[in-house]
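Hello,

Here is the structure we talked about. Please open it first, then read the notes below.

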Amino acid sequence: MTENKKITERLQLLRSAMKENRINYYMITSADCHGSEYVHEHFRARAWFSGFTGSNGTLLVGQERAALWTDGRYFLQAEKQLAGTGIELMRMQEKGVPTIEEYLEKHLTGGEVLGFDGNCVSAEQGEKLEKVCRKKGAAIIYEKDLSDIAWADRPALPAEAVWELSEEYAGESCGEKLKEVRLVLEKEGADCLFLNSLDDIMWLFNLRGSDIACNPVALSYALVEREACTLFLQKKAAPDLSLERYGVVIEEYDRIFDWLDQWLLEKTGRKNAGQDQKAQESAVKISAPGEYLSYRLMKVLSEKSTLILQESPTQLLKAIKNERELACSREAYLRDSAALCKFIYWLKGHVGKEEITEISAADKLEEFRRQIPGFLDISFTTICGYADNGAIVHYSATEDTSRRLEKKGLVLVDSGGQYLGGTTDVTRTIALGEVSEEEKRIFSLVSSATLRLADAVFLEGTTGRNLDILARQDLWKAHLDYKHGTGHGIGYILNVHEGPQRISWQYRKETKEYALRAGMLTSDEPGMYFAGKFGVRTENILEVVKEEENEYGTFLGFRHLTWVPIDREGLDKQYLTAEDVDRINAYHREVRERVFPLLEKEEQEWLIQVTAEL
């Protein structure tokens, strides 16, 4: 059976379930119950019913039509995977493309019903959908997960082992972190903080798990009160875990809604705290992050308490790494960089002499990483795209798409590792042989952009939006651009993508901007992608550091964590300024100094050659 026919049959099963439940439109997001970027197979219903496997996308299915929304990173991938399925591709933020809410406003009619699993839709998005439905006279059903009906062999919820991260690596105890969070709650006048973002919970309690591939997190919820604290876990995944020394009580994960009902009843002294104004004023004030809080949880908490949707204090506390986390991260990145150097040396020496595919190359890179002490896992599925596959921003090779690498052209490799000591992310575009003049031009522009941003010095209070132009300026002058941000935060033995800081030129009124602060880690990854031809991306991870404080203010800058050569075979000095050449040479000198001791003799000789002055 072809993939298109499978998708058609799955959509028919979903539509049958919709009819039985009198639902006219059913929406399936990419999310799990915790607003995670990457999710366990149990939650990949959007991919199951649409065939589109990118990490970000929303499927809306009606009886006569279906549409899928995704962002610029996935346009090419989605176009290929949706072809022949009857699902219309909605290219988000492109001119003339409606948002999901605008689409529903056009197609929903009075008396119709919009359905979705309220556990997997954010509070913010759910409220937007509420407004549309009220305007159109339509209803919402959010407590039915039709995937359970239409997906017969759906994988079960994960329950992998949960373990405690020692202070040797965490740098501070769970008790110290709880104290910091409670100080923020007191300042904001909130009684408690509700968390369902998995990486925030793992960070706060110094825990790690394996419920999501490549992300060391465990399914969990947490409620932090001024004096008490409750953590919801699958107890079978942590039978011996005890956090009593920090005043933390562990409850069963699937009791969250029953437990909240009882807890709110005890707090308010009545079944419905919102029955009158006096009761509402005396209700418990709960702070929760709207970006991650599910719509269903929002409905439960807002009906029985005063719910304040705002950024969680854990986001900023987590983003600013402590000295121990920084020291461990520097060491992890150095060893990870050496592994990538070994891989590049191996690849250049073997391509054309033996069969190497995108998949086998990614496997070989993981093999090098596994040799590093403290290796836990890769930090995301390796992107290894040769030639035109490199133009697909978040490409993932399959047995059907995996190309054989040849001794010509470019291969883009975006990869990372999880270690007991850090989370890494790095991209290098590698010349495998003869490279065209156009490929060299783009490669040179992108690589110089990476180092130009890394060379920035800026005053404290500067946001990533202030700095993005440093990476894009030469590309914009050439009337070129890439459809993704320039930088994202990096977790510490946690998610490879972490907020709240970001580097992107685009202003979005719904997104709060955060100033870069010393101790934050950010990626620096400009790129260019040409459909059907090739793609180029160069990514280093940077540490934000304090440079100087004087009468003009506090000046910050960046320090490289990534130490991997930029392929000289892809560079052409005619496309570089004198300053660009100086930056590349200076970076290569430091790469040689730092990585040289970690390589074998032949690899060292190669490193000397590839880091020679331009």
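A residue counts as buried when its relative accessible area is under 20%. Cys384 has a relative accessible area of 3%, so Cys384 is buried. Please keep in mind that this is a predicted model.

Cysteines

The cut-off for a disulfide is 2.5 Å between the sulfur atoms. Cys229 is also buried, with a relative accessible area of 1%. Cys384 is in no disulfide either. For Cys384, the nearest cysteine sulfur is that of Cys214, at 15 Å.

Aromatic pairs

The count of aromatic pairs comes to 16. One of them is Tyr221 with Tyr253, and this pair is stacked. The ring centres are 5.2 Å apart, with 15° between the planes. Tyr221 sits in strand β10 (residues 220-225). Tyr253 sits in the loop between β12 (248-252) and α10 (256-268). Phe232 and Trp259 are both buried.

Ring pairs link Phe116, Tyr142 and Tyr295.

Charges over rings

Two arginines are worth a look in the viewer. The charged end of Arg296 sits over the ring of Phe257, 3.8 Å from the ring centre. Arg472 lies over the face of Tyr482, with 3.8 Å to the ring centre.

Surface patch

Which residues form a nonpolar patch on the surface? They are Ile469, Trp476 and Trp505. Together they have about 270 Å² of accessible area. Ile469 lies in helix α17 (residues 464-477). Its relative accessibility is 36%, so Ile469 counts as partly exposed.

Best wishes

Conventions. Residues numbered from 1 in each chain as written. Predicted model: local features only at pLDDT ≥ 70, side-chain atom pairs only at ≥ 80, totals over all residues. Heavy atoms only, no water. Phe/Tyr/Trp six-rings, centres within 6.5 Å; stacked < 30°, edge-to-face > 60°. Helix = DSSP H or I, 4+ residues; strand = E, 2+ residues; numbered from the N terminus. Buried < 20%, exposed > 50% of the residue type's maximum accessible area, 1.4 Å probe, protein only. Lys NZ or Arg CZ within 6 Å of the ring centre and 35° of its normal. Patch = residues over 30% accessible without salt bridge, like charges linked within 9 Å, V, L, I, M, F, W, Y side chains within 5 Å. Areas by Shrake-Rupley, 256 points an atom, 1.4 Å probe, with all protein chains shown as cover. Salt bridge = Lys/Arg side-chain N within 4 Å of Asp/Glu carboxyl O.
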